[in-house]
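Please open the model in a viewer and keep the selection tool at hand.

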Amino acid sequence: YLIVGLAVVALREPPPEGFALGVPAIAAGAALRGWGAGHLVKNDALTTTGPYAHLRHPLYLGTLLVATGFALLFGGLWTLAALAAVWPWFALHYFPRKDRVECARLSALHGEAFARYRAAVPALWPRLRPWRDASDPSRSGSGSERSRWQLARYSDNNELGTAIAIVAALLLFWLRANRGGI
């Protein structure tokens, strides 16, 4: 997919409406990923705060939004082709595999607490009201250090690299679209 994407960028000048549609989706996806990465504590605790109180996989939904935004940058039939490649691959291959592996790992690590969380919190479609585990007061996260977004977690989860890659790709698209104006 990366090689195909780079080839399209090299051959296709993104239309202005692609930026108007794509950049908000990219920004929303990057923000969701950043919010999630700043809360995520891998293996040490079951993360149920921040976006994890609304959906189990904010990083994956954020990635899908970013990919959709970049597809929208292409414009026209290129957008449709990119979405026709990305969405089925995500829905039929990538996400089911990742969800299966992560659910097995989290179930083994956190047992009944994860079972309650999984039963109450949707995978990708956010619930409006944040979930709190009423049967485990230590997981309520009402004001604890564990419940707050932390830059150290954002960094530990390598989200800065993802943010830099997104900005670099946007810059590449922008330069491609404005090659005559610079």
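Select Trp149 to begin; this residue sits in the loop between helix 4 and helix 5 (151-156). The model is a predicted one. Trp149 is partly exposed, since its relative accessibility is 39%.

Across the whole structure, a search identifies ten aromatic pairs. Select Tyr60 and Tyr94, which form one of them: the arrangement is edge-to-face, with 5.7 Å centre to centre and 85° between the planes. Tyr60 belongs to helix 3 (residues 58-74) and Tyr94 to helix 4 (residues 76-120), so this pair ties together parts that are 34 residues apart in sequence. Tyr60 has a relative accessible area of 11% and is therefore buried, the cut-off for buried being under 20%.

Move on to Phe74 and Phe173. The ring centres of Phe74 and Phe173 are 5.6 Å apart and the planes meet at 45°, so the pair counts as tilted. Here, too, distant parts of the chain are linked: Phe74 lies in helix 3 and Phe173 in helix 6 (residues 159-177), 99 residues apart. Phe74 and Phe173 are both buried.

Ring pairs join Tyr60, Trp89, Phe90, Tyr94 and Phe95 into a cluster.

How values were computed. Residues are numbered from 1 along each chain as its sequence is written. This is a predicted model: local features need pLDDT of at least 70, side-chain atom pairs count only at pLDDT 80 or more; totals for chains, interfaces and linings use all residues. Side-chain values use heavy atoms; hydrogens and water are left out. Rings of Phe, Tyr and Trp (its six-membered ring) pair if their centres lie within 6.5 Å; planes under 30 degrees apart count as stacked, over 60 as edge-to-face and the rest as tilted. Helices (H or I, at least four residues) and strands (E, at least two) are DSSP runs, numbered from the N terminus. Buried means under 20% relative accessible area, exposed over 50%, partly exposed in between (1.4 Å probe, protein chains only).
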